[in-house]
Amino acid sequence: MADRLKQAAFDHPIFEPIRPWLARLGDGWPPLELLNGFAAERKLANARGLPLRFVAPDLLESANYELRVHDTGAVATRPENWHDLLNALAWLAFPRTKAAINALHAEHLPREGARRGRVRDALTLFDEGGALVAVSDASLEALAREHRWRELFWERRSAVLESMRFAVPGHAVLEHALEPYPGITCRALFVPVESRLLTEPAHALFERLDAAAAAWFAAPPAGLTPLLLPPLPVFGYPGWLEGSCREAFYADQRYFRPPRTDSARTGRSIGA
């Protein structure tokens, strides 16, 4: 890639879902033809079944970004831009989720006019900064929802490593993760899974999470708002950041904010 320091950062586990395509990008900045070759291999399509393709932005294009994706399958992708490249890779890793989010944007846009409503606020927050959390132990999900970070990531770190996995489709978070820090926070969607799935190959887990999230966004809960997607400081995951091997790491309330009295009542996991 263009920046060798940032290339080294791709070794981090947060990039695991997009790693199959990262490994094929080569040394130079990837051209759109390469990304579109990946899209064809993956048979990417929007919710209408139109083939997805990554195109150079058109300065004369007046259509809304989300409507253009929905109406034509064209995803505006700026050259040599980390944010847009990681968005393209997120499409490759989580195609069904991305298509469902785009379809819901397109459904709500005509109702809202120029002002984005709470549903699209939630969609944008997840698209840019979402995390899919596979969890086979409901007590761990409860600790996360209640912001009991020290208990979750320190006192029960062995259980977290065994029973909880993070997969991040949020491309803005992936961009921030090129230079990670403890305060990087996602909006979480919890997906209960059987414990055996957490021991299978990673691609099987990511496919399961993509399908579950797509189904959730295709038929979202009534009154969808950002409150249904609780915050999650993903770099608290044991081993994801230097310093997380010390209890004091989780005492810094700038990054690991204390419990909220209402947090246990906001949101719900898929299937709940």
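Helix α7 is largely enclosed by the rest of the structure, because 9 of its 12 residues are buried. Buried here means under 20% relative accessible area, exposed means over 50%, and partly exposed lies in between, for a 1.4 Å probe and protein chains only. Helices are DSSP runs of H or I with at least four residues, strands are runs of E with at least two, and both are numbered from the N terminus. The model is predicted: local features need pLDDT of at least 70, side-chain atom pairs count only at pLDDT 80 or more, and totals for chains, interfaces and linings use all residues. Residues are numbered from 1 along each chain as its sequence is written, and side-chain values use heavy atoms, without hydrogens or water.

The buried residues of α7 are V119, R120, D121, A122, L123, T124, F126, D127 and G129. Their cover includes the helices α4 (65–72), α6 (95–112), α11 (171–176) and α12 (202–218). Helix α7 covers residues 118–129, and its end C-alpha atoms are 16 Å apart. That agrees with the 16 Å that its 12 residues should span at 1.5 Å a residue. The expected span is 1.5 Å times one less than the number of residues.

Helix α5 (82–93) is also largely enclosed, because 12 of its 12 residues are buried. Among them are W82, H83, D84, W91 and L92. From first C-alpha to last, α5 reaches 16 Å, close to the expected 16 Å.

The loop between β2 (74–76) and α5 holds P79. E80 lies in the loop between β2 and α5 as well. P79 is exposed, with a relative accessible area of 68%. E80 counts as exposed at 61%. The phi of E80 is positive, about 50 degrees, although E80 is not a glycine. P79 and N36 are 43 residues apart along the chain, and their C-alpha atoms are separated by 14 Å.

K43 also has a positive phi, near 55 degrees, in a residue other than glycine. K43 lies in the loop between α3 (32–42) and β1 (53–55). Its relative accessibility is 72%, which counts as exposed. E33 is found in α3 itself. E33 is exposed, with a relative accessible area of 62%. E33 and F54 are 21 residues apart in sequence, yet their C-alpha atoms are 8.4 Å apart in space.

The chain as a whole has 12 helices and 6 strands. Of its 272 residues, 51% count as buried. Along the principal axes, the C-alpha atoms fill a box of roughly 55 × 45 × 35 Å. Among contacts between residues at least 6 apart in sequence, 69% join residues at least 24 apart.

The accessible surface comes to about 12700 Å², and 53% of it belongs to carbon and sulfur atoms. Areas come from the Shrake-Rupley method with a 1.4 Å probe; for residues, only the protein chains shown count as cover. The chain has 32 positive and 33 negative side chains, with the centres of the two sets 4 Å apart. Lys and Arg count as positive, Asp and Glu as negative; His and the chain ends are not counted. Each charge is placed at NZ of Lys, CZ of Arg, CG of Asp or CD of Glu.

How values were computed
Contact = heavy atoms within 4.5 Å.
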